[in-house]
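Open the model in your viewer and keep the selection tool at hand. Each stop names what to select, then says what is there.

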Amino acid sequence: MEVVQTSSLGDRSYLAHDGQVGLVVDPQRDIDRILALAGRLGVRITHVAETHLHNDYVSGGLALARLTGATYLVAADDEVGFDRRPVTDGDEIAISASMRLRVVATPGHTFHHLSYVLDGDDGPAGVFTGGSLLFGTTGRTDLLGRQHAHTLAEHQHASVRRLADLLPDGARVWPTHGFGSFCSATQSDAPESTIGRERTANPALRLETGDFVRDTLAGLDAYPAYYAHMGARNTAGADLIDLTPVTAADPAELAARIADGEWVVDLRSRKAFAHRHLTGTLSFGLDGPMSTWLAWMAPWGAPITLLGDDPEQVAHAQRELARIGIDRPAAAATGSPEQWAGGDGARLTRLSTATFTDLAAARTGTPPHGLPAVDVLLDVRMTNEWRADHIDGAVHIPLPDLPARLADVPPGAVWVHCGSGYRAAAAGSLLRRAGRQVVHIDDAYADAVKAGLAIVPGN
């Protein structure tokens, strides 16, 4: 079994093979990774399977099947705009003499969700669970609309129990979601799991239906706005990805795009951005989940320009964005902020940074040298994080809501924080673009207590 991780989206794809032929499950859009892996192994891909029509990324399944001539397995109940082999509960597919698939209906994450049990010579080796049974949790049940969330949560509970009844404790669990993906109801740090482990760790196998449904629905927070576009794209079927280089932009074009209010994105680390950046650009560094937050916040279909240290950085970002349907950035530039500014130092600026210790000092009236007083403390974490606890006196606007709610930030100097510093950098750059005085608290939220700041329960 080979695992292809897409850590930026919290997903995994799989290549199961016998040394000669292979099955790919839930491939991401950039199928060159799968093809390269199969090539290194000397494996011919004969089957591609989807557990469900994905909401968090554009699938590469159709393109991979067409390119390799593989049989494409998709739920019969899903109405799609392409040819595939429709499969349903109880179907069995021979991959090779030593590998067989059993199709198991596991609704919950979606209505037509399937899992695939992989049988070998010694019985069931494991199960591809997609967004059903995850490591210590399950897939969320509200992606098809809150009106379906309760019903799907009931289905999810029954589906997970069905898998546990079908399989021995030693069977491996191979989920697609659950490694930071917003498709997961909660998060788990487990690197692998089995049915036996899930019997003791998974709420769906420990709680009765009503308790599971209540806890699952109560724990759901917002999910990326771009999810609304993924289902339709996957239903229609996506073509081959285009990762050819993006059109280069010179300093004059960058200035024009910034003046027009476009999203000109700095891919460097947030520390590099804070030290010096092109005025009006936004910080979405590749040292964090750039594509998730950028695609969530930027208006869908709006032109996006990428700025990176080198072509490799831009190519990396381009690949990340293509996975979620932003196929072609409008333009790109590489080099340094000085080059992007065309040598005009007046077009460069910095973002003040601080720690929670600095915040504590500033709140007592003695801000560190060069930092302004704290007029506004802005917390841009998600709602569930805020409800758990937050710093007394903070204003809460979740990061995805900030572009539409900039006017809701009270006047004065804004000190902005999140959980680790990444989201606060994005928020700080948005506020700076809007002309606000900003201090970016680039620190771990756990250090707020150590700094002596008062933490209060959520509301």
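Begin with a helix pair: α10 and α11 cross in a right-handed sense. A crossing is right-handed if the near helix is turned clockwise from the far one by less than a right angle, and left-handed if anticlockwise. Helices are DSSP runs of H or I with at least four residues, strands are runs of E with at least two, and both are numbered from the N terminus.

Before going further, note that this is a predicted model: local features need pLDDT of at least 70, side-chain atom pairs count only at pLDDT 80 or more, and totals for chains, interfaces and linings use all residues. Residues are numbered from 1 along each chain as its sequence is written, and side-chain values use heavy atoms, with hydrogens and water left out.

**Stop 1: α10 on α11**

Select residues 290-297 for α10. Its axis lies 9 Å from that of α11, at an angle of about 60 degrees. Axes are lines fitted to C-alpha atoms, for helices over the stretch in contact, and angles run from 0 to 180 degrees between N-to-C directions. The angle makes α10 oblique to α11. The classes are roughly parallel under 35 degrees, roughly antiparallel over 145, roughly perpendicular from 65 to 115, and oblique for the rest.

Now show side chains. Met290, Ser291 and Leu294 of α10 meet Ala317, Glu320 and Leu321 of α11. Contact here means heavy atoms within 4.5 Å. By class, these residues are four nonpolar, one polar and one charged. Ala, Val, Leu, Ile, Met, Phe, Trp, Tyr, Cys and Pro count as nonpolar; Asp, Glu, Lys and Arg as charged; the others, Gly among them, as polar.

**Stop 2: the four-stranded sheet**

Which strands form the open parallel sheet, and in what order? Four do, running β14-β12-β15-β16. Strands pair if DSSP finds at least two bridges between them. At the edges stand β14 (282-283) and β16 (331-334); each has a single partner strand, so one side of each is left without a neighbour in the sheet.

Select β15, residues 304-308. Four bridges join β15 to β16 in the parallel sense. Gly308 stands opposite Thr334 in β16.

**Stop 3: a salt bridge**

Select Asp327 and Arg29. They form a salt bridge, with the closest N and O atoms 2.9 Å apart. Asp327 sits in the loop between α11 and β16, and Arg29 in the loop between β3 (21-25) and α1 (32-41), so the pair ties together parts that are 298 residues apart in sequence. The structure holds 28 salt bridges. The criterion is a side-chain nitrogen of Lys or Arg within 4 Å of a carboxyl oxygen of Asp or Glu.

**Stop 4: the five-stranded sheet**

Move to the open sheet β7-β8-β9-β10-β11, where five strands pair in a mixed pattern. Its edges are β7 (92-96) and β11; each has a single partner strand, so one side of each lacks a neighbour in the sheet. The twist averages 25 degrees from one strand to the next.

Walk across:

- β7 and β8 (residues 99-105) pair antiparallel over four bridges. Ile93 stands opposite Leu101 in β8.
- β9 (residues 114-120) and β10 (residues 123-130) run antiparallel, joined by five bridges. A hairpin of two residues links them. Asp119 has Pro124 in β10 as its bridge partner.
- β10 and β11 (residues 172-175) pair parallel over four bridges. Val127 is partnered by Val173 in β11.

**Stop 5: α3 and α6**

Select α3 (residues 146-166) and α6 (residues 209-219). Their axes are 9 Å apart, at an angle of about 135 degrees. The two helices are therefore oblique to each other. Their crossing is right-handed. Arg146, Ala149, His150, Ala153, Glu154, Gln156 and His157 of α3 make the contact with Thr209, Phe212, Val213 and Leu217 of α6. That contact has five nonpolar, four polar and two charged residues.
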